[in-house]
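Here is a short report for a reader meeting this structure for the first time. Keep the sequence and the 3D view at hand while reading.

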Amino acid sequence: MDGQRCFRGAVWFAAFALLLGATGGTRGWSQEADAKARVILVMTDGLRWQEVFRGADKKLLASKGYFNGRSVKELRAKYLAATPEERRERLMPFLWKTVIPQGQIYGDRDAHSDASVTNGFNFSYPGYNETLTGFGDPTVDSNDNVPNHNVTVLEWLNKQQGLQGQVSAFGAWNVIAAIVNAGRCGFPVNAGYEPFEMSPMTPRLELLNALKVETPKVWDGEPYDAPTFNTAMEYIKEKKPRVVFLSLGETDEWAHGGNYGEYLSAANRVDSYLEKLWTTLQEMPEYKGNTTLIFLTDHGRGGGPEWTTHGQKIPASKYIFMGFMGPQTPGLGLRANVPGVTQSQVAATLAKYLGFDWNAEQPKAGKPVTAAVK
Ligand SMILES: [Zn+2]
């Protein structure tokens with residue numbers, strides 16, 4: 001069944017490429033023009049739009065919302081400020097000083113900009129599935145660690161001309177391997193506490209694998225973000241893939257634990273990872289000037305005392321944020337007073353950056369975010 005799907009897609013794509021050639025690429029993009037394009041998709045699990053756009057919440061940043069009464073004095077000094085603009089820059093300085101002015105972000109509900117999931121479940125597996133396939137699937141209704149029956153845009157891209165062997169995925173949460181269907185997708189996947197084997201191995205990777213085994217397993221199936229992020233970085237430096245999916249998980253885990261202090265620290269770390277990633281890529285000739293960063297979350301969370309949770313019973317947890325930065329993204333910055341965008345648009349947007357039409361392969365997928373791709 002997958003083979004047939006793939007074949008049909010290839011035939012359609014060939015026809016589409018011919019059409020583009022015949023019309024001189026009047027749609028403004030073509031496969032040839034994007035032969036060097038690269039995309040890094042970063043997701044951090046369950047980070048609220050509220051913290052992204054308003055910064056730290058003073059009421060929630062209390063000792064009872066940290067490690068069993070540990071002082072939050074330093075965290076308050078670091079993250080609190082008089083205005084939302086100051087607070088968000090303190091929490092995510094790279095996002096606000098670099099990504100947003102150079103690129104775009106959606107989802108600031110205070111500025112009449114909604115970004116939302118459409119799957120109706122507002123939890124992780126359905127959210128990652130929606131992001132990677134372009135549609136909410138009513139049968140993807142649990143976080144069970146079972147292989148995804150849907151073909152993700154990553155799996156499809158890995159079979160397209162010029163992208164074979166150029167896709168990879170790294171997830172802190174072990175279920176990420178099932179969501180991209182590691183057994184079928186045909187590209188390298190590393191998730192959870194699993195060691196990552198690369199040929200040749202590097203001393204740094206050996207150490208990262210050891211740290212996953214030798215540090216406490218605070219969460220079942222999910223290490224801290226640090227080894228996952230650094231494993232992805234090591235693979236990028238060594239193998240230089242054109243498409244990378246990186247999923248980080250601490251923001252969701254600390255939130256479920258009611259630990260607002262550590263949730264903020266995790267968000268701040270994710271921001272520093274984005275900076276480290278972007279800086280590294282711009283120092284590599286393969287990535288410099290032709291790489292797009294997409295940054296979003298799989299779901300939002302509740303407001304007020306419900307900030308720790310999310311799901312169908314928390315309708316507001318459908319609201320997320322979506323950011324884009326790269327040579328093909330006009331620098332429109334914080335998108336205000338614009339029509340809403342949805343998580344289901346990410347897969348087609350990602351493919352379009354690479355010169356591919358995911359909607360032609362998967363008609364159920366949302367259309368690309370028009371203003372985010374030149
Ligand atoms: Zn969660």
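## Nonpolar cores

This is a predicted model. Its largest nonpolar core holds 57 residues. Inside this core, L95, L277 and L293 have the most contacts. Helix α13, residues 260-282, gives the most to the core: 11 residues. In soluble globular proteins, nonpolar side chains tend to be buried together.

What does L293 touch, leaving out residues up to four places away in sequence? Its partners are I40, V42, V99, L274, L277, W278, G323, F324 and M325.

## Salt bridges between separate parts

How many salt bridges does the whole structure have? A search finds 10. Side chains of opposite charge can pair when their charged atoms come close.

One of the salt bridges joins R54 and D110, with 2.7 Å between the closest N and O atoms. R54 sits in helix α2 (residues 49-54), while D110 sits in the loop between β2 (104-106) and β3 (115-116), so this pair ties together parts 56 residues apart in sequence. R54 is partly exposed, at 32% relative accessibility. D110 is partly exposed too, with a relative accessible area of 45%.

A further salt bridge links D252 to R301, and here the closest N and O atoms are 2.7 Å apart. D252 belongs to helix α12 (residues 250-256) and R301 to the loop between β7 (291-296) and β8 (322-325), so the pair ties together parts that are 49 residues apart in sequence. Are these two residues buried or exposed? D252 is buried, with a relative accessible area of 9%. R301 is buried as well, at 1%. Both values fall under 20%, the cut-off for a buried residue.

## Other salt bridges

The side chains of D114 and R109 also form a salt bridge, at 3.0 Å from N to O. D114 is partly exposed, with 26% relative accessibility. R109 is partly exposed, with a relative accessible area of 32%.

Which residues are linked in a network of salt bridges? The network consists of E155, K159 and R184.

Note on methods: Residues are numbered from 1 along each chain as its sequence is written. This is a predicted model: local features need pLDDT of at least 70, side-chain atom pairs count only at pLDDT 80 or more; totals for chains, interfaces and linings use all residues. Side-chain values use heavy atoms; hydrogens and water are left out. A salt bridge is a side-chain nitrogen of Lys or Arg within 4 Å of a carboxyl oxygen of Asp or Glu. Helices (H or I, at least four residues) and strands (E, at least two) are DSSP runs, numbered from the N terminus. Buried means under 20% relative accessible area, exposed over 50%, partly exposed in between (1.4 Å probe, protein chains only). A nonpolar core is a set of buried Ala, Val, Leu, Ile, Met, Phe, Trp, Tyr and Cys residues joined through side-chain atoms within 4.5 Å. Contact means heavy atoms within 4.5 Å.
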